[in-house]
Amino acid sequence: MKILASCKISDQGIYLNGEVQQKYTKETDNWKKDVYSKMKLDYPKFYKMDALAKMAFLGFELMESVSSFEHFEDNDVALLFANRNSSYDTDLRFIESYTEKGSPGPSLFVYTLPNILTGELAIRKKWFGENIFFIQENFDPEFFIDQINFYFRKGSKACLCGWVDSANDKEECFLFVVEKTDGEITAEELKKYYKQ
Amino acid sequence: MGRKAKLANIVSELYLSYGGLITPLGDTATENFENMRLGKSGVHKVSGSGFNKEDWPLGKINSLTSENRYTELLEKICEALIENVGIEILSADRTLIIISSTKADITALPSDTFASTREILKNKWNPAHAPLIISNACISGVMAINTAADYINGDKYDTVVTIGIDALSDFIVYGFQSLFALSDQSSKPFDKNRTGISIGEAAGAIVISNKKPENGAFCVNYLGGSSSNDANHISGPSRTGEGLFRSINKTAERSSINIQDIDFISAHGTGTMYNDEMESIAFDRLSLNSVPVNSLKGYFGHTLGAAGIIEVISTMLMIEHGLLLKSPGFEEQGTTKKMNVLSENVEKEVQLALKTASGFGGGNASLILKKSL
Amino acid sequence: MSELKETLKAQIIEQLNLEDLTVADIADDAPLFGEGLGLDSIDALEFIVLLEQNYGIKIADPSEGKEIFQSVDSLAAYIEKNQ
């Protein structure tokens, strides 16, 4: 297997394939809209997404701006995701809708599941492959390598993996695409990209 | 269809056995099956449960008495596991625990909703490895079993214990109410007059192992499973059943079986117009129209992250007893494609059973069980 | 009428959690659903809540909303007529 692309978005900035981006930054509270506008994307559904889905969407678009995934067929790519806080931010906002704002908001409720972001990515790419979402205490590269091996053994040709978390004003998004080839990737390699 | 898999994916024979089952219909698998066989439902109107104090029908476990329904339910299913499986296996180095839950301890917010889960397991038997948590909407339970099989086939563990659990909360009831998705009578999956979902709560546990249970307890074989996204909408079911169709095809291929040899389907069947219609379209595309099918949501309500697990346990019970349970609430066909929905209990020896699930995020999952020789 | 439309836009952004949009991003006649703002049937439910909470207008049948919720123009016209 080999890493085709990676994207890390953290308080330190936005990194693509290990290189910090000058054009796309994370300096303002509006950084998601800024990146969306600068990339000249035309996907109105973006505005409706919650923070988790927006980050995953932008991270993927950024990777696609430098790498092509067009050679994969619509069943080929497994989406393997995890985070620590599930849909924390949206859960709190949904509770607020019925405790303080008058009535439970359906457009918030549908985002109170972390795996909605995998659905958004699948819709964007028209990818019908496997999807799974785990809750873990920390990003665990060995865990992801195990999962990637399982899905390659079951027939996936690539895995779009991600650690996307948002809680208490701390946002984190790490995406990487791994293709099935001879050879291995190491936990150290993943850790290096993640730590940026 | 029915193509044999080119590469065998089954590394070892896998066996599923009962770990525990706590639902509105009882605290053990036996008690649940007896009540289902008698046609009892655990779904009843719960006074003032709605956002505007409506009396929604819910699958509520009346024996839960403490403030925190989730932690009490988790404690109970852990006790059942200790009794049925034993501390030795549960805490072994070659054993992994997988938890399947959508909202876990949602009342803990703004604290970590999964912290109490880890804490309770630690106190009960201190597992050798941190429990793996899957939160993938309504397909979580089926995915937990598929993931368990991955770990054993990958020779990481010999035994994986999957616990599916979700408890009732204002959060969930108000949420489905805001979507106009709740039924004002107990849900009627696949019926012409269905109007929506009844939410429920439950916990179930299944032991997946590369060995048969040593105490000779009943078990079935797990042949294979898969998932597939609809790539269509985050909350609305696909109009073509594409993801479910693809998942069943993949699962059959991985299981090296012919789809036409499936002789029972435990469907998802939530009771909403669009979901049930979507399932009928997917089954029709696979020519599964005449295979006996039920939805168990009329017995327990839709128990979200627990649903896949408790419905697989129920399927194992049906295989064990050679009795297919009727699909509660079903009277008249209400899907455009023909389905053989069970309106009465039917005695039948099942060799190959298909379990399916579909959920928010566009997810679909399936697995195939075989009667063990 | 134009004041009502500006208020409506702010309410839509608030009710539908479109916090990355501003009032200036929504044209009076732009389609709210489908290609326009990308809204769907779940958001239609939010419009029902919005009309009830802010304008006291009750829409019993969600399918009735289709025409009313086409654009800010059509929403404002409906409110003017029914208030």
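Six salt bridges turn up across the interface of chain C and chain A in this predicted model. One of the pairs that meet this way is D20(C) with K54(A), whose side chains come together at 3.0 Å, N to O. Polar contacts were counted as well: between chain C and chain A there are eleven residue pairs of this kind, with both partners at pLDDT 80 or more.

So much for the pairs; next comes the part of chain C that does the touching. Two helices of chain C, helix 1 (2-15) and helix 2 (41-55), each bring at least two residues to the side that touches chain A. Of the elements in chain C, helix 2 gives the most to this side, with six residues. Sorted by class, the side of chain C that touches chain A holds eight charged residues, eight nonpolar ones and six polar ones.

Taken as a whole, the interface puts 22 residues of chain C in contact with 18 residues of chain A. About 1500 Å² of area is buried between the two chains, and carbon and sulfur atoms give 45% of that.

Chain B is a separate matter, and here the topic is confidence. The mean pLDDT of chain B is 96, with 97% of its residues reaching 70 or more. Residues 1-10 of chain B, though, have a pLDDT below 50. In the model, this stretch still has 17 contacts beyond near neighbours in sequence.

Note on methods
Residues numbered from 1 in each chain as written. Chains lettered and ligands numbered in written order. Heavy atoms only, no water. pLDDT = per-residue confidence, 0-100. Contact = heavy atoms within 4.5 Å. Buried area = accessible area lost by both parts, 1.4 Å probe. Salt bridge = Lys/Arg side-chain N within 4 Å of Asp/Glu carboxyl O. Polar contact = N/O pair within 3.5 Å; in protein donor to acceptor, adjacent residues only side chain to side chain. Helix = DSSP H or I, 4+ residues; strand = E, 2+ residues; numbered from the N terminus. Nonpolar A, V, L, I, M, F, W, Y, C, P; charged D, E, K, R; others polar.
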